[in-house]
Amino acid sequence: MKKDIHPKYYSKAKITCACGHVFTTGSTKENLETEICSYCHPFYTGKAKTIDTMGRVERFKQKIAKKEELQKKSKKKK
């Protein structure tokens, strides 16, 4: 195997988030910066919001309601 072809590995690399949280991990870079981490990400903090911009949930509910109404009408006719 060739010598000195691999980058230096830092077992205690310092990761800094934009929110200010700092943690360590292994990396080939000594210092890293990130914009978001598990301490500030909405999914992990429980502040995630589900946005239904197309109204799919409402359309689905209307579709089911219409189907149930048609089934009730067909039962009454029989």
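This is a predicted model: local features need pLDDT of at least 70, side-chain atom pairs count only at pLDDT 80 or more; totals for chains, interfaces and linings use all residues.
Local features need pLDDT of at least 70 and side-chain atom pairs count only at pLDDT 80 or more, while totals for chains, interfaces and linings use all residues. Residues are numbered from 1 along each chain as its sequence is written, and side-chain values use heavy atoms, with hydrogens and water left out.

The whole structure holds one salt bridge (a side-chain nitrogen of Lys or Arg within 4 Å of a carboxyl oxygen of Asp or Glu). E69 pairs with K73, and their closest N and O atoms are 3.6 Å apart. Both residues sit in helix α2 (residues 56-77), four residues apart, about one turn of the helix. Helices (H or I, at least four residues) and strands (E, at least two) are DSSP runs, numbered from the N terminus.

Accessibility is classed as follows: buried is under 20% relative accessible area, exposed is over 50%, and partly exposed is in between (1.4 Å probe, protein chains only).

| Residue | Relative accessible area | Class |
|---|---|---|
| E69 | 46% | partly exposed |
| K73 | 45% | partly exposed |
| Y39 | 57% | exposed |
| S27 | 15% | buried |

S27 lies in strand β2 (residues 22-27). A polar atom of the S27 side chain is 3.1 Å from the backbone nitrogen of K29. Beyond neighbours within four places in sequence, S27 is in contact with K8, Y9, Y10, A13 and L32. Contact means heavy atoms within 4.5 Å.

Y39 is in the loop between β3 (31-34) and α1 (42-45). With neighbours within four places in sequence set aside, Y39 is in contact with H21 and T45. C19 is 20 residues from Y39 in sequence, and 8.2 Å away in space, C-alpha to C-alpha.

Technical notes. A polar contact is a pair of N or O atoms within 3.5 Å; within protein, one must be able to donate a hydrogen and the other to accept it, and residues adjacent in sequence count only if both atoms are side-chain atoms.
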